[in-house]
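Look at the sequence and the model first, then read on.

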Amino acid sequence: MKLFVTLTSPFARKCRVTVSALGLSPLVSIHTIDPWTDESIRTLNPLAKVPTLLRDDGSSLYDSDVIVEYLHSFPSQRTLIPQAGEERWRALRLQAMTDDACAAVGRLYVAENNPASLDSWALGKRRLRTAVHSVLDRLENENLNSKSWDLGDLCSALLPSYYSLRFPDRDWRTGRPRLSKFVNEMEGLPSFQANQFQHQ
């Protein structure tokens, strides 16, 4: 199987870390592309977005939630998606909340780096910033676990790291000591170390 990614995407990193954590690296090769210039990805995904997973039978899967679910269909010694009960709903809730916040970070980055939008979209940018910081505040008070982490913990670590990638001069750590400690611990894990964010 081939997983098409960019190294700046938090959704692609979610899939890359999952491949590593589940021990599926022998089955899934990672291919870095630029979907803005490489139109070949559109033959696999009509939206021309990453991550996109090309399966061995020639069919493809997208987006990151579907890919992570599919990766769990292969035998593994661990799972990131609890099967039932409150643990499952917690993991899926955290994934949904942080995925939306990561999307907001991406939109904010585009807006703040587009001169034409600096004045015309001030309210929208303020709402995005408020949403992102509200989620970071919520994560500070979540029971996040870097020892027996699941999909919810994975996604919760990706958001602050992605924020730092896009806005390296902005401090999200002050006032959030528990979240800061958690992110440091997660970023030190082998599956995170091997799948870092990188500017392309």
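This is a predicted model: local features need pLDDT of at least 70, side-chain atom pairs count only at pLDDT 80 or more; totals for chains, interfaces and linings use all residues.

The lining as a whole is made up of 34 residues. Those nearest the centre of the pocket are Ser9, Phe11, Trp36, Lys49 and Val50. The space inside the largest pocket comes to about 1000 Å³. Two or more lining residues come from each of α1 (10-21), α2 (64-71), α3 (85-112) and α5 (151-166).

| Class of lining residue | Number |
|---|---|
| Nonpolar | 16 residues |
| Polar | 9 residues |

Next comes helix α2. Which residues of α2 are buried? They are Ser64, Ile67, Val68 and Leu71. Viewed down the axis of α2, these buried residues fall within an arc of 100 degrees, so they line one face of the helix. The buried residues of α2 pack against the strands β1 (2-5), β3 (52-54) and β4 (60-61), and also against the helices α1, α3 and α5.

Is Pro190 buried or exposed? Its relative accessibility is 65%, so Pro190 counts as exposed, the cut-off for exposed being over 50%. Pro190 and Ala21 are 169 residues apart in sequence, while their C-alpha atoms are 8.5 Å apart in space.

Conventions: Residues are numbered from 1 along each chain as its sequence is written. Side-chain values use heavy atoms; hydrogens and water are left out. On a 1 Å grid over the protein atoms alone, a cavity is a set of points where a 1.4 Å probe fits but cannot get out, and a pocket is an open set with protein on both sides within 12 Å along at least five of seven lines; lining residues have an atom within 4 Å of a point. Grid points are joined across faces, edges and corners, and a volume is the space filled by probe spheres set on the points. Helices (H or I, at least four residues) and strands (E, at least two) are DSSP runs, numbered from the N terminus. Ala, Val, Leu, Ile, Met, Phe, Trp, Tyr, Cys and Pro count as nonpolar, Asp, Glu, Lys and Arg as charged, and the others, Gly among them, as polar. Buried means under 20% relative accessible area, exposed over 50%, partly exposed in between (1.4 Å probe, protein chains only). The arc is that of the directions from the helix axis to the C-beta atoms. Contact means heavy atoms within 4.5 Å.
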